[in-house]
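Morning, everyone. Let me walk you through one structure. Please look at the screen.

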Amino acid sequence: MARAVLFDRLGGPEVLRVEDRPVPEPGPGEVRIRVDAIGLNRAEALFRAGAYYEQPILPGSRIGYEAAGVVETGVDEFPEGTEISTLASFSMRDYGVYGDRVVVPVSSLVRRTVDEVTGASVWLTHQTAYGALVERGGLRPGDTVLITAASSGVGIAAIQIANHLGAVPIAVTRTAAKRDLLVAAGAAHVVTLDSQDLVKEVRALTGGDGATMTFDPVGGPGVADLVEATAVGGLLVLYGWLGGEATPLPMNWDRQVTLFGYGNGSYVARNLQRRRRAEHFINAGLRIGTLRPAVDRVFDDLSDIVEAHAHLESNTQVGKVVVRVRH
């Protein structure tokens, strides 16, 4: 038997349950993997709550994008015993990696050269940040990038990638509680929204120009300030909607800011050329130590999945939440 995390109704972390099921058999274009660790993501919390861009199929919905493990039933490209990570290149309506033995598409696999906790933490965060900042944004040395929700896994990845490229990361956080952690993570500057005016601070830090690029997963009414904090002719990348509110556009477009809605699955994970470049970029950063996921907490087993999701939504963490899988 295999263990799988499922849910039968929409709701909070408490709707998740662990169930014993027959060991799944892969079909054409699929492999079965033994999962050793899973990385939790906000997308999964939204999916569980019914607030994601696609709805789960209930009851008995699977969940989860990101895992690290070993191929059990493989194919030529990924034979049995290959250490792998999964990429978020599939729909959770079809697959989910919260389990100890799961079936995933071959196309979602990448060879793993790091430990399982790192392998379950690095790809979605760093691929998202890489795709937006490098592939879409063309970030260059000396550019300034404004990073909101900077203590998230993707936010930390964006800080690292900006530094890796010689750009200047400005981190935005709600309170001063995470300032020192963000500085330690590599932020050149930190703006705290509870005590500082975002536009005024960013303009001061950039000689009055504003940020070359702004990278935001929140959306909502705050986008108006982000446009004002972005340089004339700059780029504002929206890669999420964590605020849960409508996003009104500014009435004044004198700053000529380009807004770009970014989805990692379509832009990088399912685009062969961009995905290949992302893999080389991220693996190089892992080798030399400039890129590494920030892991906030590691839970012991799938039986902790409810507590792990509650921690994910607490907004107290800095970086990724990971769950090991015992066998």
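Which residues in the largest nonpolar core touch the most other members? They are Leu133, Val145, Ile159, Leu182, Phe215 and Tyr262, out of 40 residues in that core. Keep in mind that this is a predicted model.

Where does the core come from? H3, E8, H4, strand E11 (211-216), strand E12 (230-238), H8 and H9 each supply at least two residues. Helix H4 gives the largest share, seven residues. There is also a second, separate core of 39 residues, and Ile84, Val104, Ile305 and Val321 are among them.

Now strand E8, residues 144-147. Take Val145. Leaving out residues up to four places away in sequence, Val145 touches Leu133, Leu139, Ala162, Val168, Pro169, Ile170, Met213 and Phe215. Thr144 is in strand E8 too. Is Thr144 buried or exposed? Its relative accessibility is 13%, so Thr144 counts as buried. With the sequence neighbours up to four places away again left out, Thr144 touches Val168, Ile170, Thr206, Ala211, Thr212 and Met213.

On to helix H9, residues 272-288.

The buried residues in H9 are Arg275, Ala278, Glu279, Phe281, Ile282, Asn283, Gly285 and Leu286. What covers them? The cover includes strand E7 (109-111), helix H2 (116-119), helix H3 (123-136), helix H4 (153-165) and helix H8 (264-269). After H9 comes Gly289, with a positive phi near 90°.

Conventions: Residues numbered from 1 in each chain as written. Predicted model: local features only at pLDDT ≥ 70, side-chain atom pairs only at ≥ 80, totals over all residues. Heavy atoms only, no water. Helix = DSSP H or I, 4+ residues; strand = E, 2+ residues; numbered from the N terminus. Expected span 1.5 Å × (residues − 1). Buried < 20%, exposed > 50% of the residue type's maximum accessible area, 1.4 Å probe, protein only. Contact = heavy atoms within 4.5 Å. Core = buried A, V, L, I, M, F, W, Y, C linked by side-chain atoms within 4.5 Å.
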